[in-house]
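This report goes through selected local features of one protein model. Please keep the sequence and the coordinates at hand while reading.

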Amino acid sequence: QQFTLLLDTPGSDFQRTVWQELRAVPYGQTSHYQALSGLIGKPNAVRAVAAANGANRVAIIIPCHRIIGKDGTMTG
């Protein structure tokens, strides 16, 4: 349910910020892109957050699959 290992995740500062927030989504729970953009202090960056989520290369460790559309549907 939790991983404690060092990751080599090359990406922009913005992407790494998004990925860090993705890791904070609790096991068994979901969130949505708008909430995630608010958490990083960029409430108007919903599409950029979605793009960063899609650029995640280690989806098992950084759980991008926990982020869904605000209406509860699978998006992206």
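The sections below cover the pocket, the salt bridge and a set of individual residues.

## Model and largest pocket

The model is predicted, and local features are given only where pLDDT is at least 70. Side-chain atom pairs are counted only at pLDDT 80 or more.

The volume of the largest pocket is about 260 Å³. Its lining consists of Q1, Q2, F3, R23, V25, P26, Y27, I60, I61, P63, H65 and R66. By residue class, the lining of the largest pocket has seven nonpolar, three polar and two charged members.

## V25, a lining residue

V25 is one of the residues that line the largest pocket. V25 sits in the loop between α1 and β1 (31-32). Its relative accessible area is 10%, so V25 is buried, the limit being under 20%.

Beyond its neighbours within four places in sequence, V25 is in contact with T30, S31, R66 and I67. Of these contacts, R66 is also listed in the lining of the largest pocket.

## The salt bridge

How many salt bridges does the structure hold? There is one salt bridge. It joins the side chains of R16 and D13, with an N to O distance of 2.5 Å.

Both R16 and D13 belong to helix α1 (residues 13-24), where they are three residues apart, about one turn of the helix. R16 has a relative accessible area of 35% and is therefore partly exposed. D13 has 56% relative accessibility; because exposed means over 50%, D13 counts as exposed.

## N53 in helix α3

Is N53 buried or exposed? N53 has a relative accessible area of 6%, so it is buried. The residue is part of helix α3 (residues 46-54).

Leaving out residues up to four places away in sequence, N53 touches V18, W19, L22, Y33, C64 and I67. With C64 there is also a polar approach: a polar atom of the N53 side chain lies 3.5 Å from the backbone oxygen of C64. I67 is on the contact list of N53 and also on that of V25.

S37 is located in helix α2 (residues 33-39). With a relative accessible area of 0%, S37 is buried. Which residues does S37 touch, not counting those up to four places away in sequence? They are K42, P43, A45, V46 and V49.

A35 is also placed in helix α2. A35 has a relative accessible area of 29% and is partly exposed, because this value falls between the limits of 20% and 50%.

## A48 and its C-alpha distances

A48 is a residue of helix α3. The relative accessible area of A48 is 36%, so this residue is partly exposed.

From A48 to V18, which are 30 residues apart along the chain, the C-alpha atoms are separated by 9.4 Å. From A35 to A48, 13 residues apart in sequence, the C-alpha to C-alpha distance is 13 Å. V18 is also among the residues that N53 touches.

Methods: Residues numbered from 1 in each chain as written. Heavy atoms only, no water. 1 Å grid on protein atoms, 1.4 Å probe; cavity = no way out; pocket = protein on both sides within 12 Å on 5 of 7 lines; lining within 4 Å. Points joined across faces, edges and corners; volume = space filled by probe spheres on them. Nonpolar A, V, L, I, M, F, W, Y, C, P; charged D, E, K, R; others polar. Salt bridge = Lys/Arg side-chain N within 4 Å of Asp/Glu carboxyl O. Helix = DSSP H or I, 4+ residues; strand = E, 2+ residues; numbered from the N terminus. Buried < 20%, exposed > 50% of the residue type's maximum accessible area, 1.4 Å probe, protein only. Polar contact = N/O pair within 3.5 Å; in protein donor to acceptor, adjacent residues only side chain to side chain. Contact = heavy atoms within 4.5 Å.
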